[in-house]
Amino acid sequence: MPAHQKTCLALGFGLAVLAAGAVRAQEAFPSKPIEVVTHAGVGGGTDITARMMMVQAPAALKTELVVANKTGGSGSASFGYAVSRPKDGHTIMLITQTHLLTLLQGKGGAVKVGDLVGIARATEDPQVLMVGANSPYKTAQDFIAAAKTKSLKFGTTQIGSVDHIAVVGFAEKAGLWKPIVVPFRGGGDIVVNLVGGNLDGALLNYAEAESQIKANEVRALIVFAKNKMDSLPQTPTAAEIGIPAVYSTTRGFAVLKGTPEDRIKVLEEGLVKSMQGKIYQDYLKSSGQSAGSVVGRADWQAEIDEFLKTGDAALVSLGIKK
Amino acid sequence: MDAFLAGMAILADPYMVGIILAGTVLGVIVGALPGLSGSTTAALLLPITITMSPVAGIAFLGAIYCAANFGGSITAILINTPGDPSASATAYDGYPMARRGEAGRALGMSTIASAIGGIFSVFVLIVAAPLLAKAAYSFGPPEYFALAIFGLSMLAAVGSSTGIKNLMVGAFGVLLATIGLDLMTGVDRFTFGVPELSEGLGLVPVLTGLFAISELLVQAGRLQIIPERLGLNAMKLPSMADYRKCAKAIGLSSVLGTFIGILPALGATTAALISYNETRRWSKYKDEFGKGSIEGIAGPEAANNAAVGGSMVPTLALGIPGSATTAIILAGLIVQGVRPGPHLFNEQPALLYAVFASMLASNLMYVVLGLFAAKLFARITLIPDAILWPGVLVFAIVGAYGPNQSLVDVWVMLGFGVIGYVMRRYGFSPAPLVMGLVLGTMVEETLKQSLLIFDHNWLLFFTRPIVVALFVVTALSVCAPWLARAIRGATKSARLRAAEK
Amino acid sequence: MTTRQLPSPTTTLAASTTEGGDETSTTAGPAPGRVHPDIVTGLVIIALCLAVWGVTLAFDDVPAAISTGMGPETFPRLVLGVIIALSCWLALTASNRCRPEIEAVHPMIYATAAALGGVMAAMAVFGIHGAVVASVIGIGRLWGERRLPLLATIAVGMSLSLHFAFVRGFGIGLPRGLLQTWLS
């Protein structure tokens with residue numbers, strides 16, 4: 001064996017050892033079950049998203065996952081819990097825009113705006129303007145024309161929530177009269193009241209009113225997304241009728257700032273891989289959300305930053321944030 | 001009909017029967033444990049059901065749902081700790097019966113009444129789901145407001161103290177319901193900076209405190225009193241006379257529970273509370289209520305299980321879940337690719353009937369389980385107090401902590417234990433508080449929603465027929481005692497006059 | 001209804017919840033020298049309601065842009081008003097009702113309430129298992145159960161079954177004490 005071959009071999013061996021060492025260093029994470037902190041109670045929409053992701057995650061991340069339900073304070077209890085855990089990547093948060101609004105209002109406790117590092121987006125569900133079948137407004141144009149002459153009644157969830165802010169934002173961008181906002185506990189109640197004729201309109205996710213849309217009890221007028229929805233091919237997007245507005249219910253995973261960079265990377269790869277698995281994709285498809293919901297860290301972080309900016313402006317204009 | 005038979009055929013499949021049996025046993029256990037409810041269990045097991053076939057997965061969840069509602073009554077009767085909020089009305093009379101040494105009778109009646117209510121509602125579901133579901137659309141905020149007022153007007157009757165004290169306790173419950181973030185303005189009320197309180201007080205910790213912990217304190221004061229050992233009767237099941245006595249209560253509550261269950265915003269807990277009041281109102285033995293009336297068990301138990309079938313109506317026919325558990329069943333259906341809605345009844349009848357069959361089977365299975373287990377469970381009342389109650393305390397802590405993983409909830413529970421003890425000491429029954437807490441949020445929110453919908457014009461309430469009808473019923477039921485006396489007085493004087501002639 | 005002089009069945013029942021309910025306590029009308037407990041109760045509740053009313057003054061303001069007419073304080077104040085009115089009624093009509101016999105609080109009740117605090121303290125340090133031991137052995141002994149091996153067996157059995165049913169079986173966390181948090 002010539003000398004240079006020997007050196008090559010030695011070098012190769014050395015590299016292999018190094019590589020193995022590096023791999024081992026990475027394999028040290030995760031070293032125990034990963035906790036997924038959510039603000040939703042067991043059985044809430046966000047909780048179910050977490051559990052659907054978790055079905056195939058143990059294979060991708062090579063560890064068990066457990067959900068920690070820390071309800072309360074629109075996410076502030078979950079922030080309080082996450083900040084009490086070591087920032088070693090074994091605690092990840094499943095956040096929604098609600099968390100971001102809570103942060104913007106300074107209710108995040110020790111967690112401040114900018115302390116969240118996105119890992120991967122899990123769901124993106126566009127908001128759709130809907131009216132009851134008996135409503136006089138047949139098209140988006142009818143609705144907007146009427147809303148420019150008088151205040152219409154919109155069903156939303158809690159005041160200061162994401163869809164409340166979306167309604168106000170939509171009214172502003174379309175130049176409508178100030179909407180009368182009627183808050184409800186959940187999307188189901190709003191759908192019932194749309195059909196019952198108690199409300200003029202509401203921004204809802206497609207899945208929330210799917211059976212009513214199919215039964216011609218509820219009409220979808222505007223989709224607040226960049227592209228038309230496959231499930232609503234007839235309904236124009238907001239941009240198509242001249243209102244540049246995009247609103248969606250978004251959920252994604254995040255960790256707190258200070259978590260080591262290499263571990264964030266492991267988490268990103270593992271989560272994206274498990275969410276591209278069949279079970280999670282089936283869940284997305286059957287709940288009317290696009291397969292493109294799952295995106296990696298870069299896109300998700302950009303979206304978080306963008307929402308923090310627009311959300312801040314909305315809270316200030318509503319007077320909720322001084 | 002073919003679809004019906006095809007659906008029922010799943011009961012001939014040993015695998016399906018095994019799945020339903022597993023769901024039923026699990027449901028009874030988690031229903032009885034204060035820390036675990038049917039909805040929590042369904043949520044935890046949802047990912048597992050995805051790996052099953054759609055029929056098996058939904059049958060499994062349905063069986064858990066049916067059985068858990070029954071299971072809650074076991075701990076309510078034996079240790080005054082409702083295993084599920086819907087069993088709280090069962091504790092009012094069930095626990096006094098158990099103390100009297102009649103645990104078996106109470107458990108047996110709860111089993112039978114639950115099954116009858118459950119089976120009745122499943123038949124309603126089979127026959128009339130698409131039709132009845134439309135009723136949900138005619139219930140907007142004004143109608144729910146009128147219904148909640150009707151429920152609250154019953155307060156004077158619930159529990160075992162004078163009417164005025166009951167009203168005060170009920171109003172206290174309504175006040176407690178305002179704790180947390182105000183839905184209408186997003187303002188925190190009475191939270192004192194504790195984020196866990198911003199979602200409002202949890203029903204489970206409040207109930208556990210009021211019933212179990214306050215009873216623990218009462219028992220502490222009675223340790224020197226040697227209890228009479230009435231244990232010999234503890235294992236005895238209800239007699240035929242008992243069933244005859246409760247037939248009316250079961251029938252009435254099954255209908256009422258099914259109807260309340262159909263309304264998406266109301267669930268098994270409200271169904272049980274309202275049925276308890278109605279059972280009492282129509283009973284010939286009103287004085288027994290609160291002291292261990294067997295009708296007081298039959299009514300709410302028939303109702304809360306009837307509400308199970310009822311709440312499946314809007315879930316399956318409209319895709320709008322009527323309770324926490326049906327929300328998860330709905331998620332389970334959707335994940336399996338089953339789209340709920342009116343079309344489901346035409347497109348996938350076999351699957352629907354399979355779901356109905358599994359719910360029927362589950363109701364029948366827990367009758368067998370319940371009657372066998374009643375004798376076994378009844379022995380719990382024979383455990384010495386010094387061993388039983390510390391154990392109850394542990395379960396109460398786990399029960400309060402479990403759902404939200406929050407120590408604040410445990411403190412809330414202990415706080416309400418002391419409040420419940422003080423209330424009982426001064427002659428206030430804690431029972432109306434539950435009613436106030438359950439309906440208080442609804443009264444406030446539907447009132448404000450109605451006013452927004454009516455552009456702040458109160459008079460528009462009277463333009464809605466259902467609202468007017470409910471207001472009339474409320475007024476009649478509040479005035480009923482006076483009316484009855486006036487009528488009795490009038491007929492008596494008429495008879496006297498006739499006699500004079 | 002309120003002017004009925006006879007002791008109604010519901011009133012005697014209220015008394016019987018505190019193990020009273022014997023005939024000695026059912027004398028109607030004001031007894032000389034002692035205030036009817038319902039009057040005291042009514043006044044105490046009115047005082048508490050006024051304190052809670054004070055809390056409603058400190059609610060956050062609602063920004064004009066989202067105010068919908070009824071503020072967050074309106075409904076609670078309405079309910080407080082109802083409770084105050086009912087309390088006045090309770091106090092004013094007290095003399096029409098029989099006087100319930102209220103026993104002194106048994107010392108064991110205070111001891112047990114203190115023990116509940118002890119159980120919480122044990123839970124803060126040792127988690128749920130600390131609470132099990134403190135409750136089963138601590139309160140068990142306090143209540144006069146002398147068979148220590150029996151209590152210890154129950155405590156261990158309970159701890160294990162809770163752990164396996166909740167943590168292992170359902171994946172629901174139980175309270176962790178400071179010790180467990182440090183160790184993990």
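1. The pLDDT is the predictor's confidence in each residue, from 0 to 100. This model is predicted, and on that scale chain A has a mean pLDDT of 84, with 90% of its residues reaching 70 or more.

2. Where pLDDT is low, the predicted coordinates should not be read in detail.

3. Which residues make up the domains of chain A? The domain assignment gives domain 1 as 31-124 + 249-318 and domain 2 as 125-241. The C-alpha centres of domain 1 and domain 2 of chain A are 27 Å apart. To the contact between them, domain 1 of chain A brings 12 residues and domain 2 of chain A brings 13 residues. On the side of domain 1 of chain A that touches domain 2 of chain A, two or more residues each come from helix H4 (97-104), strand S4 (116-132) and helix H11 (297-318) of chain A. By class, this side of domain 1 of chain A has 3 nonpolar, 8 polar and 1 charged residues.

4. Of the 9 residues of S9(A), 8 are buried, so that the strand is mostly covered. Strand S3 (residues 91-96) of chain A pairs with S9(A) in the antiparallel sense over 4 bridges, and Leu94(A) stands opposite Phe253(A) in S9(A). S4(A) also pairs with S9(A) in the antiparallel sense, over 9 bridges; here Thr123(A) has Arg251(A) in S9(A) as its bridge partner.

5. The contact of chain B with chain A involves 45 residues of chain B and 43 residues of chain A. On the side of chain B that touches chain A, helix H3 (38-50), helix H13 (324-335) and helix H18 (431-453) of chain B each supply at least two residues. The largest share of that side, 7 residues, is from H3(B). The residues of this side of chain B divide into 28 nonpolar, 14 polar and 3 charged.

6. In the contact of chain C with chain B, 60 residues of chain C meet 55 residues of chain B. At least two residues of the side of chain C that touches chain B are supplied by each of helix H1 (9-16), helix H2 (37-57), helix H3 (74-92), helix H4 (107-142) and helix H5 (148-170) of chain C. The largest share of this side comes from H4(C), with 13 residues. The classes on the side of chain C that touches chain B are 41 nonpolar, 16 polar and 3 charged residues.

7. Within chain B, helix H12 (residues 295-318) can be checked for its span. At 1.5 Å a residue, the 24 residues of helix H12 of chain B should span 34 Å, and the end C-alpha atoms of the helix are 34 Å apart, which agrees. H12(B) is mostly covered, with 24 of its 24 residues buried. Just after H12(B), Gly319(B) takes a positive phi of about 70°.

Conventions. Residues numbered from 1 in each chain as written. Chains lettered and ligands numbered in written order. Predicted model: local features only at pLDDT ≥ 70, side-chain atom pairs only at ≥ 80, totals over all residues. Domains from an automatic or database assignment. Contact = placed C-beta atoms within 7 Å. Nonpolar A, V, L, I, M, F, W, Y, C, P; charged D, E, K, R; others polar. Expected span 1.5 Å × (residues − 1). Buried ≥ 20, exposed ≤ 12 C-beta atoms within 10 Å, placed from the backbone. Pairing = 2+ DSSP bridges.
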